[in-house]
Amino acid sequence: MLSILRPQKLELEAIYLGLLSAWRIKLLSRVEYPLKADVLALLEALGLTVSPVLRVAENGTRVTHWTFGAEPRLVEQYRREYEGTAIAGQLPAVVRAEGRYFGYPPCCVEAFIREPYAPNGLTAEEQGLLFHYACPGCRETSRLIPLYQAALAEARDLHKTMFRARRRHTVRGNAAASVPYPA
Ligand SMILES: [Zn+2]
């Protein structure tokens with residue numbers, strides 16, 4: 001994902017993930033950075049349940065993950081299972097559980113456990129759209145790619161609209177601030 005979405009585009013990434021979950025292409029989604037109020041509002045407007053989940057990193061730091069999905073029960077189940085727990089490495093059980101929660105194709109999850117990052121025949125751009133690593137010649141992933149592309153296009157539109165709304169807001173704010181006090 002990072003190959004096409006640079007850090008300054010994290011908001012776009014959150015909206016993209018939100019659409020993938022709202023369209024039920026991907027069950028749950030998770031980001032590991034704070035979300036601005038208007039991004040949160042947008043995710044909720046998409047019908048998603050958003051929940052912070054507190055995790056503990058390897059060095060003991062507490063970090064907040066934002067989890068969102070179209071099924072409130074699944075979001076809650078994930079929160080209950082992981083709240084306050086240590087972030088584990090890529091153990092098979094963790095990879096499988098996350099694959100189930102985040103809606104990754106089981107064939108890709110199992111192939112990843114057997115041999116992580118085996119050449120899969122996808123272009124860097126195709127693989128960059130995904131949040132799972134596709135298994136070699138994956139049929140399920142080739143069915144998913146056009147849906148991911150559609151979600152990314154829609155996310156770009158929504159992100160642009162949000163940006164314009166912010167700018168309007170700022171202009172109004174500045175105009176108000178420049179009105180002189182009655183004297
Ligand atoms: Zn696969």
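**Group meeting talk: a walk through a predicted chain**

Okay, let's start with confidence: the protein chain averages a pLDDT of 89, and 88% of the residues score at least 70. pLDDT is the predictor's confidence in each residue, on a scale from 0 to 100. Over residues 176–180, though, the pLDDT is below 50, and this stretch has zero contacts in the model beyond near neighbours in sequence. By a contact I mean two residues whose C-beta atoms, placed from the backbone, lie within 7 Å.

Two bits of housekeeping. This is a predicted model, so local features need pLDDT of at least 70, side-chain atom pairs count only at pLDDT 80 or more, and totals for chains, interfaces and linings use all residues. Residues are numbered from 1 along each chain as its sequence is written.

Now the overall layout. The protein chain has seven helices and three strands. Those are DSSP runs, numbered from the N terminus: helices are H or I with at least four residues, strands are E with at least two. Going along the sequence, you get the pattern α-β-α-β-β-α-α-α-α-α. Of the contacts with a separation of 6 or more, 61% are between residues 24 or more positions apart.

Let's look at the sheet. What is the order of the three strands? They form an open sheet in the order β1-β3-β2, and the pairing is antiparallel. Pairing here means DSSP finds at least two bridges between two strands. β1 and β2 are the edge strands, each pairing on one side only. From one strand to the next, the twist averages 30 degrees. And α3 packs on the sheet, touching β1, β2 and β3, with its direction at about 10 degrees to that of β2. For those angles, axes are lines fitted to C-alpha atoms, for helices over the stretch in contact, and angles run from 0 to 180 degrees between N-to-C directions.

Zooming in on the pairs: β1 and β3 are joined by four bridges, and Arg 30 has Thr 67 in β3 as its bridge partner. Strand β2, residues 49–56, is joined to β3, residues 62–69, by eight bridges. There, Leu 54 sits opposite Thr 64. The hairpin of β2 and β3 has five residues between the strands, and Gly 60 takes a positive phi near 90 degrees in it.

You'll find Pro 52 in strand β2, and, leaving out residues up to four places away in sequence, Pro 52 touches Thr 64 and Trp 66. Buried or exposed? Pro 52 counts as exposed because it has 12 C-beta neighbours inside 10 Å. The cut-offs: buried is 20 or more other C-beta atoms within 10 Å of a residue's own, exposed is 12 or fewer, partly exposed is in between, and C-beta atoms are placed from the backbone. Pro 52 and Arg 30 are 22 residues apart in sequence and 9.4 Å apart in space, C-alpha to C-alpha.

On to the inside. Buried residues make up 23% of the 183 residues in the protein chain. The largest nonpolar core has 32 residues, and Ile 15, Tyr 16, Leu 19 and Cys 108 touch the most other members. A nonpolar core is a set of buried Ala, Val, Leu, Ile, Met, Phe, Trp, Tyr and Cys residues joined through C-beta atoms within 7 Å. α1 gives the largest share of this core, eight residues. Leu 19, leaving aside neighbours within four places in sequence, is in contact with Leu 46, Ala 151, Glu 154 and Ala 155.

Cys 108 takes us to helix α5, residues 106–114, where Cys 108, Val 109 and Phe 112 are buried. Why do they lie on the same side of α5? Because they cover an arc of only 100 degrees around the axis, where the arc is that of the directions from the helix axis to the C-beta atoms. On the other side of α5, Pro 106 and Arg 114 are exposed.

Last stop, two loops. Most residues other than glycine have a negative phi. Arg 24 has a positive one, near 60 degrees, in the loop between α1 (10–22) and β1 (28–31). Arg 24 is exposed, with 11 other C-beta atoms within 10 Å. Tyr 117 also has a positive phi, near 55 degrees, and lies in the loop between α5 and α6 (124–129). Tyr 117 counts as exposed, with 8 C-beta neighbours inside 10 Å.

That's my tour, thanks!
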